[in-house]
Amino acid sequence: MYHNHSKLGLTTFILLVLYFFSGCSKSGSNPISKTTTPTITSISLTFGPYNTAVTITGTGFSTTIANNQLFFNGKAAVIGDATSTQLYTNVPLSAGTGNVTVTVNGTTVTGPVFTYQPAEVVTPFVGSPSSAGSINGMGTAATFYQPYGLALDGSGNLYVADQANNLIRKVTPSGVVSTFAGSGATGSADGNGVAASFNGPEGVAVDAVGNVYVADTFNNLIRKITPSGLVSTLAGTLVKGYSDGTGTSASFNRPSDLAVDVNGNLYVTDLYNYRIRKITPSGSVSTFAGNSSGMLTDGTGTAASFLNPTDICIDKTGNLYVTEGGDLIRKITPSGVVTCIAGTSIIGGVPQSNFAMPQGIAVDPNGNIFIEDSGRYQINELNSNGQLVTFAGTGNQVYNNGIIGLASFNFLEGIVIDANDNIYVSESNYIRKIYMQ
């Protein structure tokens with residue numbers, strides 16, 4: 001009898017193959033469905049502040065970043081790059097001290113403890129570096145256009161001279177931005193809230209009862225805004241000039257900033273008149289210090305001279321501090337005595353400037369003075385012992401957040417310090433906050 005051996009052999013082979021794969025499937029040894037449990041073997045640093053670069057080493061990580069999740073003490077961190085054995089990240093803000101954990105495709109493993117070290121950090125607050133505008137809203141959803149002067153009221157609300165928008169903006173402590181006064185159109189109209197108008201306001205100050213004062217720079221006026229938003233003209237005329245007097249009988253030439261003392265007196269940097277002017281609550285304007293020479297002379301009252309004084313602040317004992325175009329920081333006592341406290345040093349017998357275009361200036365409750373060195377894109381601190389140090393900024397003109405020594409700035413304009421030592425800084429289209437985290 002004839003047998004077809006080739007057909008029998010083929011059938012047997014097929015059955016054996018099917019049995020083999022069926023057996024693999026039943027035993028669960030299919031390598032396609034097998035997953036690897038991740039492990040953490042080490043972390044490159046076990047302590048550090050916000051934004052510290054840390055590498056997590058282990059096994060079983062996904063090379064697809066989105067498949068990995070990384071936490072410091074339960075605080076999510078952003079993964080910059082991932083391999084199967086390493087995850088690269090930076091410590092998140094306010095992480096606290098606790099274990100590092102990694103979750104890969106739903107499986108979580110716990111690693112060593114990371115000790116978070118609080119440090120002064122520069123963080124976004126309101127406005128956006130990528131857009132200019134006048135949109136109200138929360139945090140970085142709001143927009144500004146060249147915000148300059150900053151001031152705080154007793155409740156921690158921030159007032160902003162939004163110069164190119166011709167607006168005075170209000171920012172709550174939680175970062176909600178609204179328009180406090182101004183229509184946005186160029187003008188000098190008095191009125192309530194948005195019915196009023198300004199022309200390039202640069203400086204703001206707030207008194208003890210919540211009145212906001214504005215250096216309405218290109219109108220050559222000093223404006224007053226009540227807590228309810230009613231805008232009036234306190235002093236000055238639309239025609240630039242120099243004259244003391246009351247209300248509109250006085251004149252200014254580009255007033256750029258102002259400060260208010262405990263008695264409600266205003267002190268104004270009258271930029272192109274080279275003077276510091278004083279305005280009483282009733283609107284009486286006088287010359288507190290400086291003369292028309294445009295020199296850099298110490299002295300008392302009008303015997304002293306300034307060169308383009310730009311910004312001003314006041315300490316708790318009534319001393320004024322002024323930045324000016326001669327790259328100096330001047331102090332004026334309540335009795336009008338003017339001295340230079342920072343700005344020059346002698347190297348090899350040659351005078352050297354310690355600043356390049358000092359701009360905003362603020363003083364904290366302990367007497368430490370913070371100065372925006374706008375030409376060097378840094379913030380300097382003149383401490384209560386008279387030592388001048390770099391407080392924040394790398395000196396590079398870029399936008400970069402992080403701990404104060406690694407952060408960088410762009411177009412520094414205004415600065416103010418609240419009761420909790422938080423610092424607010426205005427730049428081109430945004431305001432950032434510096435605080436301990």
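I count a residue as buried when its relative accessible area is under 20%, as exposed when that area is over 50%, and as partly exposed in between, using a 1.4 Å probe and protein chains only. By that rule, buried residues make up 50% of the 437 residues in the protein chain.

I note that this is a predicted model, in which local features need pLDDT of at least 70 and side-chain atom pairs count only at pLDDT 80 or more, while totals for chains, interfaces and linings use all residues. Residues are numbered from 1 along each chain as its sequence is written, and side-chain values use heavy atoms, with hydrogens and water left out.

**Overall form.** I looked up the radius of gyration, taken over C-alpha atoms, and compared it with the globule rule of 2.2 Å times the number of residues to the power 0.38. The protein chain has 31 Å, whereas a compact globule of 437 residues would have a value near 22 Å. Along the principal axes, the C-alpha atoms fill a box of roughly 135 × 55 × 35 Å.

**β38 and β39.** I then turned to strand β38, residues 414–417, where Gly414 and Val416 on one side and Ile415 and Ile417 on the other are all buried. β38 pairs with strand β39 (residues 423–426) in the antiparallel sense over four bridges, pairing being called when DSSP finds at least two bridges. Val416 stands opposite Tyr424 in β39. Five residues lie between the strands of this hairpin, and Asp421 takes a positive phi near 70° there.

Technical notes: Helices (H or I, at least four residues) and strands (E, at least two) are DSSP runs, numbered from the N terminus.
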